[in-house]
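User: Could you take me through the salt bridges in this structure?
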Amino acid sequence: MHSVCGASEDRMKKTLVSLKEGYGALRTGRASAALFDKLRVDYYGEKSPLNQVANISAPEARLIVIQPWDKALIGEIEKAIRSSELSLNPSNDGKVIRIAIPPLTEERRRELVKFAKSQAEQSRVAVRNIRRDGNDELKKLLKDKELTEDEESKHSEELQKLTDSYIKQIDQILEEKESEIMEV
């Protein structure tokens, strides 16, 4: 594999990871600790990721339990959840925060699927742009006589196979997320 293809594949992998992370934060009707991955809590003047100041678990399909390591943080955690765009209503008993995950309305499910599809399309476009950049780089190497036409053609084919593979993976990730969103 030529270094151009290797660099392109690294960028394609990052695109896939980014899509998965984005999907992890998408609220479905199912409880998931990943919902809170981007949530920050004021911890002694520092904005800390929630998962670094508390244990987050989903003991049931529609329940999340957050247990702060420092009980004094309960108010801050609740405040962070209420002010987030997650639209969740936390309650606490002084020791743990419980969050019931309400089922999604049909309309909200459709909105989420539409959003998931647009995220997937952005990822497909990113992968195609990476392929284009790789091909441009190969053409430059050919022009500078660092590659023969056969080598350039072979690497270009390799780049196309990588692109097809990553587009297929994006489609698969989207399909899984869609069925997760639509499950009642």
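Analyst: Lysine 140 is partly exposed at a relative accessible area of 48% (buried means under 20%, exposed over 50%, partly exposed in between, with a 1.4 Å probe and protein chains only). This is a predicted model, in which local features need pLDDT of at least 70, side-chain atom pairs count only at pLDDT 80 or more, and totals for chains, interfaces and linings use all residues. Residues are numbered from 1 along each chain as its sequence is written, and side-chain values use heavy atoms, with hydrogens and water left out.

User: Which residue meets lysine 140 in a salt bridge?
Analyst: Aspartate 144 does, at 3.1 Å from N to O. A salt bridge here is a side-chain nitrogen of Lys or Arg within 4 Å of a carboxyl oxygen of Asp or Glu. Aspartate 144 is partly exposed, at 36%.

User: Is arginine 124 buried or exposed?
Analyst: Arginine 124 is buried, with a relative accessible area of 13%. Leaving aside neighbours within four places in sequence, arginine 124 is in contact (heavy atoms within 4.5 Å) with Ile167, Ile170, Asp171 and Leu174.

User: Where do lysine 117 and glutamate 178 lie?
Analyst: These two form a salt bridge at 4.0 Å, N to O. Lysine 117 is in helix 3 and glutamate 178 in helix 4 (residues 149-182), so the pair ties together parts 61 residues apart in sequence. Helices are DSSP runs of H or I with at least four residues, numbered from the N terminus.

User: How many salt bridges are found in the whole structure?
Analyst: The search finds 13.

Key: Helices (H or I, at least four residues) and strands (E, at least two) are DSSP runs, numbered from the N terminus.
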